[in-house]
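Please look over the sequence and the model first, and then follow the topics below.

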Amino acid sequence: MNAGRMRELGTWDTNTLGSLFSGLRPQQLHVASVLAGHSAGRVFIEGPDGRPSAAAVWAGEGLYVGGRNPSSSFLGAINELLPRDRYTAVFLSSALPTTAR
């Protein structure tokens with residue numbers, strides 16, 4: 001998927017992406033499980049592969065958003081992913097700037 005500046009990844013560096021979710025507790029366990037390949041999920045980033053500025057992990061019924069300064073186009077693309085016919089929990093990292101939350 002390539003909506004705006006967001007890209008879906010098929011493979012990723014767990015350490016690089018994991019640091020973007022440092023503000024999520026205890027939900028970070030779901031993120032860590034997806035990033036480690038133990039649970040099914042989808043991973044989206046904004047920015048270059050080696051240094052993404054923001055990321056989103058879709059795990060089960062939850063969407064987890066982390067990063068330093070996601071753009072409005074990234075957040076808009078995440079909004080477009082959300083199903084309109086069912087409930088989805090969205091967890092925002094406390095490390096995100098207040099303007100992004």
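How many bridges join β4 to β5, and do these strands run parallel or antiparallel? Four bridges join β4 to β5, and the two strands run parallel. The model is a predicted one, in which local features need a pLDDT of at least 70 and side-chain atom pairs count only at pLDDT 80 or more, while totals for chains, interfaces and linings use all residues. Residues are numbered from 1 along each chain as its sequence is written, and side-chain values use heavy atoms, with hydrogens and water left out.

**Overall make-up and confidence**

- The protein has three helices and five strands, where helices (H or I, at least four residues) and strands (E, at least two) are DSSP runs numbered from the N terminus.
- Read from the N terminus on, the elements follow the order β-α-α-β-β-β-α-β.
- Of the contacts with a separation of 6 or more, 59% come from residues 24 or more positions apart, a contact being heavy atoms within 4.5 Å.
- The average pLDDT, which is the predictor's confidence in each residue from 0 to 100, is 82 for the protein, and 87% of the residues score at least 70.
- Confidence is highest in β2, at a mean of 95, and lowest in strand β5 (residues 89-92), at a mean of 78.

**The sheet**

- Five strands form an open sheet in the order β1-β2-β3-β4-β5, with mixed pairing; two strands pair if DSSP finds at least two bridges between them.
- Because β1 and β5 stand at the edges with a single partner strand each, one side of each is left without a neighbour in the sheet.
- Neighbouring strands of this sheet are turned by 20 degrees against each other on average, direction ignored, with axes taken as lines fitted to C-alpha atoms (for helices over the stretch in contact) and angles running from 0 to 180 degrees between N-to-C directions.
- Strand β1 (residues 6-9) pairs with β2 in the antiparallel sense over four bridges, and within this pairing M6 stands opposite E46 in β2.
- The pairing of β2 with strand β3 (residues 54-59) is also antiparallel, over five bridges, and I45 has A55 in β3 as its bridge partner.
- Strand β2 (residues 42-46) is mostly covered, with four of its five residues buried.

- In helix α3 (residues 72-81), the residues F74, A77, I78 and L81 are buried.
- Seen down the axis of α3, these buried residues fall within an arc of 105 degrees, so they line one face of the helix; the arc is that of the directions from the helix axis to the C-beta atoms.
- The buried residues of α3 pack against β1, β2, β3 and β4 (62-67), whereas the face of α3 turned away from its buried side carries the exposed residues S72 and E80.

- E46 is found in strand β2, and at 1% relative accessibility E46 counts as buried.
- The side chains of E46 and R5 are joined by a polar contact of 3.4 Å, a polar contact being a pair of N or O atoms within 3.5 Å, of which, within protein, one must be able to donate a hydrogen and the other to accept it, and residues adjacent in sequence count only if both atoms are side-chain atoms.
- Leaving aside neighbours within four places in sequence, E46 is in contact with residues including R5, P52, N69 and F74.
- D49 lies in the loop between β2 and β3 and is exposed, with a relative accessible area of 52%.
- Apart from its neighbours within four places in sequence, D49 is in contact with R7, L9 and T16; D49 and T16 are 33 residues apart in sequence and 9.0 Å apart in space, C-alpha to C-alpha.
- G18 belongs to helix α1 (residues 14-18) and touches Q28 and L35, not counting residues up to four places away in sequence.

Note on methods. Buried < 20%, exposed > 50% of the residue type's maximum accessible area, 1.4 Å probe, protein only.
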